[in-house]
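Student: I would like to go through this model by asking, for each label we attach to it, what the label rests on. Could we start with the overall dimensions and work inwards?

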Amino acid sequence: MTTTPEGGEWVAICPLQRLADQTIVCVRFEAIDLLLVRHGDRIFACERACPHEQADLSWGRVADGRLFCPRHLASFDLQNGDVSVGWPSRSLRRYPVRTKDGQIWVDAAAVKSAAA
Ligand code: FES
């Protein structure tokens, strides 16, 4: 784990190579299930369970900058987590993510804080 001046606790969670030919990769950090999602050349980290009724978003798909839930097809904006119009659901939790030294890093403090 690396602590940065900005206050994050960055932890390497997955080799970058795993997202080379996959769009969605499941990872686990301290018993918290997360997804790493690639859209073009950008990588996002978010919660794995859909905020609507907890479907497994790893079975979803990515299109037009949105992650689509496989159960009821609500979608979430990967940039800000906003749910598609008309759904009685909170936004998707997203976590700070960066790439460095061939690894994908997430802000562990942000992940733990959201799960608390
Ligand atoms: S469980 Fe995901 S949209 Fe309903």
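Tutor: We begin with a definition: the radius of gyration is taken here over C-alpha atoms, and the rule for a globule is 2.2 Å times the number of residues to the power 0.38. Bear in mind throughout that this is a predicted model.

Student: Why does the radius of gyration of the chain agree with that of a compact globule?

Tutor: For 116 residues a compact globule would have a radius of gyration near 13 Å, and because the chain has 14 Å, the two agree. The C-alpha trace spans about 40 × 35 × 25 Å along its principal axes, and buried residues make up 43% of the chain. Of the contacts between residues at least 6 apart in sequence, 42% join residues at least 24 apart.

Student: Which secondary structure elements does the chain hold, and in what order do they run?

Tutor: The chain comes to one helix and eleven strands, and from the N terminus on the order is β-β-β-β-β-β-β-β-β-β-β-α. UniProt, in an unreviewed entry, places the feature "domain: Rieske" at residues 11-106; that span is 0% helix and 46% strand, with its end C-alpha atoms 6 Å apart.

Student: What is the order in the open sheet of three strands?

Tutor: The order is 6-7-8, again with antiparallel pairing. Its edges are strand 6 (61-63) and strand 8 (75-77), each of which pairs on one side only, and the twist averages 25° from one strand to the next. Strand 6 and strand 7 (residues 66-68) pair over three bridges, and Val-62 stands opposite Leu-67 in strand 7.

Student: Why is Phe-68 called buried?

Tutor: Buried means under 20% relative accessible area, and Phe-68, at 18%, therefore counts as buried. Phe-68 has its place in strand 7; leaving aside neighbours within four places in sequence, it is in contact with Gly-60, Arg-61, Ala-63, Leu-73, Ala-74 and Ser-75.

Student: Why do Gln-54 and Leu-73 count as exposed?

Tutor: Exposed means over 50%; Gln-54, at 52%, therefore counts as exposed, and so does Leu-73, at 54%. Gln-54 lies in the loop between strand 5 and strand 6 and has a positive phi of about 60° although it is not a glycine. Leu-73 lies in the loop between strand 7 and strand 8, with a phi near 70°.

Student: Which residues have the most contacts inside the largest nonpolar core?

Tutor: That core has 17 residues, and those with the most contacts inside it are Ile-13, Val-27, Phe-29, Leu-34, Leu-36, Val-106 and Val-111. Two or more residues come from each of strand 2 (9-15), strand 3 (24-29), strand 4 (32-39), strand 5 (42-47), strand 11 (103-107) and helix 1 (108-115). A second, separate core of 16 residues includes Cys-50, Leu-57, Val-62 and Leu-92.

Student: What is Ile-13 in contact with, leaving aside its neighbours within four places in sequence?

Tutor: Ile-13 is then in contact with Val-27, Arg-28, Phe-29, Leu-34, Leu-36, Ile-104 and Val-106.

Technical notes:
Residues are numbered from 1 along each chain as its sequence is written. This is a predicted model: local features need pLDDT of at least 70, side-chain atom pairs count only at pLDDT 80 or more; totals for chains, interfaces and linings use all residues. Side-chain values use heavy atoms; hydrogens and water are left out. A nonpolar core is a set of buried Ala, Val, Leu, Ile, Met, Phe, Trp, Tyr and Cys residues joined through side-chain atoms within 4.5 Å. Buried means under 20% relative accessible area, exposed over 50%, partly exposed in between (1.4 Å probe, protein chains only). Helices (H or I, at least four residues) and strands (E, at least two) are DSSP runs, numbered from the N terminus. Contact means heavy atoms within 4.5 Å. UniProt positions are given in the numbering used here, feature names are shortened, and annotations may be inferred rather than shown by experiment. Two strands pair if DSSP finds at least two bridges between them. Axes are lines fitted to C-alpha atoms, for helices over the stretch in contact, and angles run from 0 to 180 degrees between N-to-C directions.
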